Amino acid sequence: MLNKFINDELPLAFVWLILGLFAGLVYAIEILGLDGSMTLLSPERARSLHISQMLYGFFPLMLSLLPFALFQKEGVLSENAIAHLRRYFVVWNLFLLFMSMAIVFGNIRGLPFYDFPYQLNFLLAFSGLFYLLALLDALRRYEKRPLWVNVSLAAVIAAPIALVVLMNPQYGQVEKTLIGPHGDNTLGMSFALIPIYYLLVKLVATQEFKPRWHGLWIIPLAGYIVSLIIRNFFHPLSYNEEWFFQYLTLLYLPLLWVWLRDAGVSFNTNPYLILSTWAFVFVDVQGNFLFIPEIRELIHRNDLVVGHAHIAMGIGVAFMALAIMYHLLPDLFRRGYAILWAALIALMAFVLTIAGIIEGGGFSGAVEPYLGVRALIGVFVVAMVLKMAYDRLRMPFDSPLKLYHLSGFLSDAGGGVILILGGAALFPMLGFHFSGTYEYLVFAFMIGTGLAHWYGLQSDPHRFAELTATVRAVCASVFVALYMAGSLDGIAILVALYDGLFALVYWLVLRGKH
């Protein structure tokens with residue numbers, strides 16, 4: 001049930017993942033000297049889109065399925081809950097669309113994270129309503145609710161409120177903690193991952209699993225609460241106080257080890273979960289090492305920290321989500337992808353670490369070759385995810401009409417995306433006027449026409465072909481009229497010719513054929 005649901009949702013989820021990775025690749029190339037100022041993916045926008053999609057796109061969506069994967073395992077997941085989940089995905093995907101458009105059109109706040117208009121958080125909170133309804137549907141099927149279920153319910157109820165409050169630019173804490181204390185924030189962020197690791201271990205356990213050694217998470221939680229009280233009601237944390245709270249994260253390492261051992265989880269059971277745990281251990285130990293004052297002063301905010309973050313997010317958190325996908329769809333998210341992905345991100349972190357040491361004065365040398373290797377690794381990561389998406393999307397193109405829809409999808413949807421991102425640079429190069437206003441609406445309409453062709457590939461190909469041909473004919477007539485009236489230049493004739501010919505191919509050649 002859940003397996004089919006997520007398989008149906010994967011195509012759009014892959015779009016967000018590929019978009020985020022592509023933005024990161026563009027940013028990596030721009031650092032090397034590529035001028036993207038004439039496109040919508042200037043360096044600051046590309047970086048913002050990359051980080052925002054990693055934090056809000058594919059991975060958190062897949063992670064949010066964790067309770068429902070457990071519900072399915074325990075036999076309490078219903079079709080009604082799946083229907084609510086589908087509505088939750090609809091609203092969250094709308095948020096990702098609005099967020100992406102806001103960022104590429106420059107509506108950003110200049111923050112290292114959460115760099116999109118604050119108002120969009122209300123859309124996220126709205127999606128949480130359907131998530132809560134799905135959760136409640138499963139909960140009422142328990143005769144006696146387990147503790148993990150009650151904790152999940154409390155978190156889901158509190159999350160939308162916390163989101164709207166903490167993200168507020170006037171009184172929220174997010175923007176303040178970006179420039180404030182670091183050690184206790186790390187403790188809090190690390191603690192937030194521990195319940196997720198617990199549920200993941202419970203999901204993939206090969207034998208009866210009862211968690212032990214609770215003190216190893218209770219002590220850090222108490223420390224985090226104390227740090228918040230000190231920071232908010234008494235005084236800013238001193239460096240030594242931050243350092244003390246940072247070191248409490250080391251208590252999580254034996255806790256994760258004993259959980260995995262007691263549950264009988266190994267690399268063969270779920271490679272993504274094991275690699276995620278290894279990444280957590282590495283980042284925890286490395287983070288405490290980097291907190292040493294003399295080291296922190298040298299590498300703070302340079303590429304070594306960027307490499308540290310890529311291990312934390314690109315393997316640690318990302319593989320938590322992919323562990324769920326491996327559990328649900330093991331034939332698609334194969335073990336080989338886990339190994340390749342981890343190797344590529346680890347190599348990227350290594351070259352960024354070398355670049356960071358050079359930037360910190362550890363030894364002399366040029367950082368550009370290492371940043372070039374980083375960009376090359378990014379190419380391989382994007383290619384790998386494209387292969388995964390291809391594995392899911394591939395279908396037989398066994399008729400001329402399917403090839404017609406495929407060409408329409410690639411030319412219109414693909415061309416529309418390219419023109420939205422780079423039209424401001426391409427039009428002048430081709431000798432056409434670009435006002436930067438109505439053109440973007442035309443490009444968006446192109447993407448919509450391309451998506452109609454995509455739906456024609458999925459079902460009812462003749463109806464969707466008739467629809468797109470009619471739309472193209474109407475658009476072609478308007479472009480010709482505007483050209484003849486002198487309102488548009490030669491680009492109007494090219495668009496009209498393209499759309500008119502595409503419509504005629506269907507009406508004169510393919511209509512009536514199967």
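A residue is called buried here when its relative accessible area is under 20%, and that cut-off is used throughout what follows for this predicted model. By it Asp412 counts as buried, because its relative accessibility is 2%.

The partner of Asp412 is Arg472, and the closest N and O atoms of this salt bridge are 2.8 Å apart. Arg472 lies in helix H20 (residues 461-484) and Asp412 in helix H18 (residues 400-429), so the pair ties together parts that are 60 residues apart in sequence. Arg472 is likewise buried, at 1% relative accessibility. The side chain of Arg472 also meets that of Asp499 in a salt bridge of 2.8 Å, N to O; since Asp499 belongs to helix H21 (residues 491-510), this pair links parts that are 27 residues apart in sequence. Asp499 is buried too, with a relative accessible area of 9%.

Elsewhere, Asp262 forms a salt bridge with Arg261 at 3.7 Å, N to O, in which Asp262 is buried at 15% relative accessibility, whereas Arg261, at 44%, is partly exposed. The count of salt bridges in the model comes to 12.

Helix H12 (residues 252-263) holds Leu255, a residue buried with a relative accessible area of 0%. Leaving aside residues up to four places away in sequence, Leu255 touches Ile194, Arg212, Trp213, Leu216 and Trp217; of these, Arg212 is 43 residues away in sequence, yet 8.1 Å away in space, C-alpha to C-alpha.

Helix H1 (residues 2-31) reaches 42 Å from its first C-alpha to its last, close to the 44 Å expected, and has a kink of about 50 degrees at Leu10, shortly before the proline Pro11. Just after H1, Gly33 takes a positive phi of about 125 degrees.

Conventions
Residues are numbered from 1 along each chain as its sequence is written. This is a predicted model: local features need pLDDT of at least 70, side-chain atom pairs count only at pLDDT 80 or more; totals for chains, interfaces and linings use all residues. Side-chain values use heavy atoms; hydrogens and water are left out. Helices (H or I, at least four residues) and strands (E, at least two) are DSSP runs, numbered from the N terminus. Buried means under 20% relative accessible area, exposed over 50%, partly exposed in between (1.4 Å probe, protein chains only). Contact means heavy atoms within 4.5 Å. The expected span of a helix is 1.5 Å times one less than its number of residues. The bend at a residue is the angle between axes fitted to the seven residues ending there and the seven starting there. A salt bridge is a side-chain nitrogen of Lys or Arg within 4 Å of a carboxyl oxygen of Asp or Glu.
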